[in-house]
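Colleague: Could you take me through one part of this model closely, piece by piece? I would like to see how that part sits in the rest of the chain.

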Amino acid sequence: MAAAVPDAGSPSPAPSKFSLPLAALNVRVRRRLSLFLNVRTQVAADWTSLAEEMDFEYLEIRHLEKHADPTGRLLDDWQGRPGASVGRLLELLAKLGRDDVLLELGPCIGKMPERFDAFICYCSSDIEFVQEMIQQLERTNYRLKLCVSDRDVLPGTCLWSIASELIEKRCRRMVVVVSDDFLQSKECDFQTKFALSLSPGAHHKRLIPVKYKVMKKEFPSILRFITVCDYTNPCTKSWFWTRLAKALSLP
């Protein structure tokens with residue numbers, strides 16, 4: 001099919017959208033894209049045409065055909081490749097002449113990704129405390145917006161790349177829930193060191209360590225020079241959530 005050049009009335013991606021990772025697409029938009037592109041017709045480019053424009057090879061496309069939602073799987077596989085972005089997706093849809101998709105979903109696809117007050121770095125065994133944090137900071141008068149991986153990150157995304165994107169560009173600060181299990185987590189270690197690299201010496205108060213239970217192991221040395229919010233101290237426990245909320249609310 002010849003590439004169609006969108007006319008003046010067709011939506012076109014703003015330059016900033018090329019910096020948005022494909023992981024910024026929410027579930028609703030992905031499902032709507034699948035409804036448009038999963039249907040094989042002779043009159044409109046479908047997901048296979050999009051896959052070819054994304055430089056997927058013949059055997060890769062044949063493998064995707066086995067999935068119930070090939071468009072969804074295509075987007076998941078493509079977002080880990082160089083050059084994949086929201087802007088590039090809009091550009092390819094325009095090239096394929098799918099102005100119907102652009103008119104229907106263009107405004108939704110082009111929205112800036114959600115921003116958060118803090119990224120919560122935690123080990124899965126500490127999820128109960130994280131749930132308490134959500135209750136105390138989001139569902140009270142503080143009304144802070146937390147990024148919690150198990151709740152806010154879509155399945156199928158690359159954990160390392162999406163965590164880097166969230167910490168650097170979409171979260172103002174990062175709360176590190178330190179525990180003995182935290183010290184064994186490679187994912188937590190990467191996230192913490194990445195956040196520290198963005199604010200050497202903690203000059204921008206970007207990273208806030210939280211200790212919520214007694215530890216058997218030594219507190220991590222890379223966090224010792226940063227003031228800790230200590231939930232285990234009975235003398236300051238009543239102030240804990242207020243102090244943490246104020247720290248996250250700083251400009």
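Modeller: Start with β1, α7 and β2, which make a right-handed β-α-β unit. Right-handed means that, with the strands pointing away from the viewer, the path from the first strand over the helix to the second runs clockwise. Helices (H or I, at least four residues) and strands (E, at least two) are DSSP runs, numbered from the N terminus.

A word on the ground rules. This is a predicted model, in which local features need pLDDT of at least 70 and side-chain atom pairs count only at pLDDT 80 or more, while totals for chains, interfaces and linings use all residues. Residues are numbered from 1 along each chain as its sequence is written, and side-chain values use heavy atoms, with hydrogens and water left out.

Now the strand that opens the unit. Six of the six residues of β1 are buried, so this strand is largely enclosed by the rest of the structure. Buried means under 20% relative accessible area, exposed means over 50%, and partly exposed lies in between (1.4 Å probe, protein chains only). β1 runs parallel to β2, and two bridges join them. F119 stands opposite C147 in β2. β1 also runs parallel to β3, here with five bridges. On that side, A118 stands opposite R173 in β3.

Next, the loop inside the unit. E138 is found between α7 and β2. At 17% relative accessibility, E138 counts as buried. The E138 side chain reaches the backbone nitrogen of L146 at 2.9 Å. That is a polar contact: a pair of N or O atoms within 3.5 Å, where within protein one must be able to donate a hydrogen and the other to accept it, and residues adjacent in sequence count only if both atoms are side-chain atoms. Not counting residues up to four places away in sequence, E138 touches M133, R143, L144, K145, L146 and R151. Contact here means heavy atoms within 4.5 Å.

Now step back to the sheet. It is an open sheet of five strands, ordered β2-β1-β3-β4-β5, with parallel pairing. Its edge strands are β2 (146-147) and β5 (229-230), each of which pairs on one side only. Two strands pair if DSSP finds at least two bridges between them. Five bridges join β3 (residues 171-178) to β4 (residues 207-211), and these strands run parallel. In this pair, M174 stands opposite L207 in β4. Helix α7 (residues 127-137) packs on the sheet and touches β1 (116-121), β2, β3 and β4. The direction of α7 makes about 140° with that of β3. α11 packs on the sheet too, touching β1, β2, β3, β4 and β5, and its direction makes about 145° with that of β3. For these angles, axes are lines fitted to C-alpha atoms, for helices over the stretch in contact, and angles run from 0 to 180 degrees between N-to-C directions.

A245 is in helix α11 (residues 240-249). At 2% relative accessibility, A245 counts as buried. Leaving out residues up to four places away in sequence, A245 touches L137, Y142 and L144. The C-alpha atoms of A245 and Q136 are separated by 9.0 Å, although the two are 109 residues apart along the chain.

The buried residues of α9 (residues 159-170) are I162, A163, S164, E165, L166, I167 and R170. They pack against β1, β2, β3 and α10 (186-198).

Then there is the nonpolar packing. The largest nonpolar core has 28 residues, of which L33, L50, M54, F56, W78 and L89 touch the most other members. Helix α5 gives the most to this core, with six residues. Apart from this core lies another, of 25 residues, and F119 of our unit is among them, as are V176, F194 and F219. A nonpolar core is a set of buried Ala, Val, Leu, Ile, Met, Phe, Trp, Tyr and Cys residues joined through side-chain atoms within 4.5 Å.

Last, the whole chain. There are 11 helices and five strands. Of the 251 residues, 45% count as buried. Among contacts with a separation of 6 or more, residues 24 or more positions apart account for 71%.
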